[in-house]
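Me: Got a model open here and I'd like to talk it through. Can you help me find my way around?

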Amino acid sequence: MIARDKLNLLKDKFGPAILRADLPDDGRLFVSVEPSAIRDICRYLFGDLDARYIISIGVDDRPFSGKFLVTHNFAFDAEKLLVCVMVHLPAENPKLDSITRDVPAANWAEREIRDMVGVEFEGHCYPKRLVLPDGWPDGVHPLRKDFAWNEVPKDFEEEREFEFDEPPAGCTVVPFGPFHPTLDEPAHFRLYVEGEMVRGCEYRGFMVHRGIEKLAESVLNYNDIPMMAERICGICGCVHSVAYVQAVENAAAIKPPPRAEYIRTIMLEIERLHSHLLWVGLACHIVGFDTLFMQSFRIREPVMWIAEKISGNRKTYGLCLIGGVRWDITAESRAELRAVLDKLEAEWRPLVAAVLKDRNIQKRTRGIGIADKTACKRSGLIGPVARAAGVDIDCRRDHPYAAYDRVRFDVITSDGGDVWSRVVVRAKEVFESIEIIRQCLDKMEPGPLQLGIEDELPVGRLGLSSVEAPRGESHHFVITGENNRPRRWRVRAPTYQNLQGVPAMIKDQQIADMTISLGSIDPCFSCTDRLETIDLKSGATKIWTEGELLKLVRTKKA
Amino acid sequence: MLLALIKIAILLGGLMTAAAYFVLLERRMAAWIQDRIGPNRVGIPLTNIRIFGLGQPLADGLKFILKEEFTPSHVDRALFVAAPIVILVAALSLFAVIPVGSFLPSKVAGHPLSDGPIEMTVAPGVDAALIYVFALSSIAVYGVILGGWASNNKYSFLGGLRSSAQLVAYEVPMGLGILGAVLAAGSLNLSEIIAAQADRGWFALLQPLGFVVFSVAAFAEAARLPFDLPECEQELVGGYHTEYSGMKLLLFLVAEFLHMITAAFLMVILFLGGWHFPGLTGSSMALDGWGHPGELWLWGQALVRAGVLLGKVFCIIVFFMLVRWTWPRFRYDQLMSLAWKVMLPLGLINFVVSACLEQLQGTLGYAWLRWVAIALAWIVLFGAWIGVSLLGSVTENRPRRPAQPLESDLRA
Amino acid sequence: MSSVLLPTLLLVIAATLLTLGMLAAGMLFGPRRTSAVKEMPYESGMDPIHDARRRFDVRFHLVAIAFLVFDVELLFLYPWAVANRTWLAWLNQANHTEHLTAMAEATQAVHVNPTLVFAEIMVFIGILAVGYAYAWRKGIFRW
């Protein structure tokens with residue numbers, strides 16, 4: 001009855017501003033409110049009730065209700081509740097009060113809505129272009145329904161450059177990325193450096209837009225999307241596909257069979273295993289310890305092999321469908337998985353000991369890249385970053401999904417809030433994951449893998465799903481729609497929030513600590529870059545030949 | 001003149017080959033430590049014979065020759081080309097005074113080769129040899145800073161500044177370590193320093209603290225991990241050689257490897273007894289020490305000495321490589337505080353202690369004082385060790401600020 | 001030219017020739033393909049913003065000065081370090097080797113009191129240590 005309690009609190013305080021409420025089950029609360037009250041309500045939820053900010057979503061709902069829809073999603077982790085505060089805005093000149101003054105974590109989300117859907121946020125603290133490419137004309141919003149998925153705006157300016165802010169006086173600008181040895185994916189940090197100290201930075205990311213959400217809303221259908229969702233991220237793809245499928249299941253009130261839930265849990269944990277092993281390796285590489293980098297990749301490899309054995313692929317398992325999974329875990333792969341886990345545990349222990357006892361690693365990471373509890377709350381930091389600061393959140397326990405309510409595990413926390421604590425948290429989470437998989441293998445009963453869904457899914461329902469990715473909570477929001485596809489699907493990858501905490505982490509630190517601080521959130525830029533329909537420079541879905549590319553490179557700035 | 005030219009040819013050939021094959025050795029060792037296979041494919045061309053990848057260095061060299069010799073237009077052209085030349089020439093010329101053994105006999109099968117025994121040094125008898133080594137190794141700083149400056153690139157510039165500051169900072173503890181050895185030997189001539197050790201015991205034994213200080217400084221001067229900040233790609237991409245490619249980059253890389261080889265030679269010559277090995281090589285500088293100056297015996301003895309010295313150098317280099325794959329890198333401020341706040345005072349302590357002990361022995365002249373001195377030196381070493389670990393908080397750098405909300409954070 | 005300097009000079013020349021030869025080989029055999037972007041300084045893939053040679057941290061300057069101070073003062077110690085053994089051996093005949101005696105005889109004309117010089121050196125190092133402590137307190141080594 002938590003959801004009803006919260007609703008009553010809101011009703012008592014704001015009364016007439018609460019227009020409509022929907023409580024599909026005890027873990028979800030959808031409240032539709034007056035646009036004028038949105039700032040007060042969010043301040044109340046975020047400040048007084050101490051909710052965690054998740055994401056804001058903009059929807060062009062004009063073809064259906066004639067209005068724009070903006071939602072702010074919050075989580076009450078201790079009470080296992082996800083809240084979605086919705087406002088409907090007029091079709092002409094949509095405007096809304098910005099909540100960034102009270103909820104700083106909403107900074108990016110509101111800017112993204114402004115870029116993509118064209119809702120103006122009044123009083124936003126930093127209303128600058130976030131997602132759209134440099135040459136994109138102002139006033140064209142690709143996520144509006146009247147904008148075709150393959151359209152190229154006519155006045156796309158190839159030569160227009162992004163306008164960066166002026167650096168503070170006395171600071172040199174040191175660019176970091178998009179092509180930098182430590183960045184595996186393109187993103188640009190413009191560091192303001194004074195001597196060896198970083199005094200601030202500006203971020204320009206979203207460089208590899210793939211328009212995944214737009215494609216899902218215009219071209220794909222319900223069961224295509226999990227395959228696309230998996231390709232959002234190179235590491236935690238399964239997370240996105242599970243989160244999407246669960247959001248749809250949540251909207252349509254479908255419950256997958258238990259065996260499917262166990263298999264999803266196992267695959268998610270396999271993914272966490274190889275992601276954490278990868279991250280510890282990379283962190284060692286960043287501090288110049290290549291031996292542990294190689295060792296942790298060696299230890300990681302059997303995990304990839306067993307994933308291939310189960311799903312046919314090292315990555316992109318193609319696991320999920322609405323209402324079930326596509327692969328079974330056979331008796332043979334079960335035995336092999338157990339053997340892999342035993343070996344992994346035996347090999348991981350000495351490696352963790354080597355990392356945790358190394359004084360040089362400690363010196364390089366202790367007190368570096370600090371994000372304490374306040375910073376986590378302000379910027380909405382999640383996952384190992386938050387847990388390392390002592391914020392005890394984990395969607396697997398707080399918003400149980402799949403089979404996580406049937407297994408026992410500890411949520412690892414630490415209290416340093418620095419890079420070191422993040423190393424410790426991730427290193428220990430590996431053991432928990434191993435335990436979770438073992439329990440799943442024990443408890444899994446034979447049974448069907450998929451639910452037979454005969455009817456079309458209901459239209460216009462809202463679904464929320466939070467899945468604990470290796471990097472933190474991955475939050476998916478779905479509005480079901482016609483033509484066997486969702487009307488709107490919004491992916492909030494963990495890195496989207498965690499990246500917003502990076503400028504505070506690196507400020508007043510040495511430039512040398514920049515890489516490990518950034519690395520410590522395990523950034524996954526591809527997760528955040530999933531929106532644009534159009535190739536950044538070419539303007540069309542054109543495939544460049546090698547010769548053309550060379551020509552392009554050579555003529556630029558000639 | 002002819003003799004010198006032959007020596008130079010052997011020396012340069014040997015050094016370049018050694019640098020190439022140490023790269024292979026390093027990669028194979030890395031592979032061994034990291035449970036990988038490593039480069040094992042390249043053998044004799046056009047056959048399937050692999051011989052453990054021994055062809056790899058040749059293939060690498062060939063590849064570098066076939067790379068584009070590219071000078072970007074935004075650089076200071078003259079300095080850009082001069083930097084790698086300066087650094088490599090200095091690194092090679094430094095070996096003029098470094099002995100690779102003791103003497104070769106003057107005769108082969110009765111035919112005289114030279115007037116007297118041939119010293120295994122290009123320029124024998126340089127009295128200020130150590131000063132020469134010191135001076136030339138300092139020239140590396142010029143190469144680094146020239147390269148960084150000429151590149152006209154932010155990463156190069158910052159990298160060049162950092163590297164030069166690092167090299168300069170560790171020159172002081174290095175000088176202090178050398179000073180201890182000079183004090184104990186009473187000479188700047190490297191052959192005489194070895195002879196003094198053959199006579200009175202290795203200086204690593206007499207001045208363990210000096211040896212430690214010198215070794216750490218030598219690691220830093222050779223820019224080996226954990227001191228490889230100059231080329232720490234995670235922060236400053238390629239450091240001062242970011243803009244370099246092709247043969248010019250190769251010159252930098254070879255110079256870096258030569259710095260490591262030099263460091264190994266100096267550690268062996270100054271502290272580990274050079275060609276001396278108890279019971280194997282005799283202890284006096286001249287070869288006829290054991291009263292059997294038969295020619296064959298002389299040649300054998302000469303080769304054993306050279307073998308001992310080179311073997312020690314090889315062990316030190318392997319140690320360098322082991323360290324590289326066993327430790328993470330320091331951060332820049334940690335590196336600097338280690339130089340100034342730890343190594344410099346330790347070097348001073350070592351110098352004062354060994355000077356006092358030396359003086360005491362010299363003035364009083366009791367034979368047993370020698371053992372007391374050795375014991376005291378080791379006590380000082382362990383005292384210093386304990387002191388450094390206790391005072392860790394003093395040498396640690398700046399306290400970190402707590403995270404605070406800042407207006408500019410919202411710009412992300 | 002003396003027998004000491006000639007081989008050294010020869011080595012320097014040979015090393016220079018070797019280096020230049022390597023560069024020349026690269027120039028002869030390497031390909032040449034240039035392009036506008038290739039000519040740009042590498043700045044992580046962004047177009048370069050303002051000149052690279054800008055103000056840099058003043059601490060580099062402090063390090064340079066500290067290096068000059070300590071390294072030059074160390075150089076003053078070298079002559080003493082070389083000579084001291086000879087003086088001591090000459091002072092203490094019981095403890096000498098033949099080699100050292102010869103050198104001691106050569107320096108006998110110079111009347112030195114090794115103990116006095118030693119005391120002077122210690123005073124010198126004491127002053128250096130005071131300077132070091134001062135520099136530390138002033139925060140020169142804080143990075």
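Me: How many residues does helix 7 of chain A have, and how far does it reach from its first C-alpha to its last?
Reply: Keep in mind this is a predicted model. Helix 7 of chain A runs over residues 237-252, so 16 residues, and it reaches 23 Å, close to the 22 Å expected at 1.5 Å a residue.

Me: What comes just after helix 7 of chain A?
Reply: A:Ala253, which takes a positive phi of about 55°.

Me: OK, now helix 10 of chain A. What's its span?
Reply: Helix 10 covers residues 331-357 of chain A, 27 residues, and goes 39 Å from its first C-alpha to its last. That's close to the 39 Å expected at 1.5 Å a residue.

Me: Which residues of helix 10 of chain A are buried?
Reply: A:Leu337, A:Val340, A:Leu341, A:Leu344, A:Trp348, A:Leu351 and A:Val355.

Me: I keep clicking on A:Ala229. Which helix does it lie in?
Reply: A:Ala229 lies in helix 6 of chain A, residues 225-230.

Me: Why is A:Ala229 called buried?
Reply: Because 28 other C-beta atoms lie within 10 Å of A:Ala229, and the cut-off for buried is 20 or more.

Me: What does A:Ala229 touch?
Reply: Leaving out residues up to four places away in sequence, A:Ala229 touches A:His240, A:Ser241 and A:Tyr244.

Me: How far apart are A:Ala229 and A:Val478, in sequence and in space?
Reply: They're 249 residues apart in sequence and 13 Å apart in space, C-alpha to C-alpha.

Me: Let me zoom out. How many helices and strands are in chain A?
Reply: Chain A comes to 19 helices and 16 strands.

Me: What about the overall dimensions of chain A?
Reply: Its C-alpha atoms fill a box of roughly 60 × 60 × 55 Å along the principal axes.

Me: What share of chain A is buried?
Reply: Buried residues make up 56% of the 558 in chain A. As for contacts in chain A with a separation of 6 or more, 68% are between residues 24 or more positions apart.

Me: Where are the domains in chain A?
Reply: Domain 1 is 2-175 and domain 2 is 212-528. Their C-alpha centres lie 25 Å apart, and the contact takes 23 residues from domain 1 and 23 residues from domain 2.

Me: Which element gives the most on the domain 1 side of that contact in chain A?
Reply: Strand 3 of chain A, with six residues. Elements giving two or more residues include strand 2 (28-33), strand 5 (81-90) and helix 4 (107-116). By class, that side has 16 nonpolar, three polar and four charged residues.

Me: Which residues touch the most other members of the largest nonpolar core?
Reply: A:Val83, B:Ala264 and B:Met267, out of 331 residues in that core. Among the residues A:Val83 touches are A:Leu29, A:Val31, A:Leu45 and A:Phe74.

Me: Over to chain B. How many of its residues contact chain C?
Reply: 61 residues of chain B are in contact with 56 residues of chain C. Helix 5 of chain B gives the most to its side, with 13 residues. That side of chain B divides into 35 nonpolar, 17 polar and nine charged residues.

Me: Last one: what domains does chain B have?
Reply: Domain 1 is 1-66 and domain 2 is 71-392, with C-alpha centres 23 Å apart. The contact takes 17 residues from domain 1 of chain B and 15 residues from domain 2 of chain B. Helix 1 of chain B gives the most to the domain 1 side, with 15 residues.

Terms used. Residues numbered from 1 in each chain as written. Chains lettered and ligands numbered in written order. Predicted model: local features only at pLDDT ≥ 70, side-chain atom pairs only at ≥ 80, totals over all residues. Domains from an automatic or database assignment. Contact = placed C-beta atoms within 7 Å. Helix = DSSP H or I, 4+ residues; strand = E, 2+ residues; numbered from the N terminus. Nonpolar A, V, L, I, M, F, W, Y, C, P; charged D, E, K, R; others polar. Buried ≥ 20, exposed ≤ 12 C-beta atoms within 10 Å, placed from the backbone. Expected span 1.5 Å × (residues − 1). Core = buried A, V, L, I, M, F, W, Y, C linked by C-beta atoms within 7 Å.
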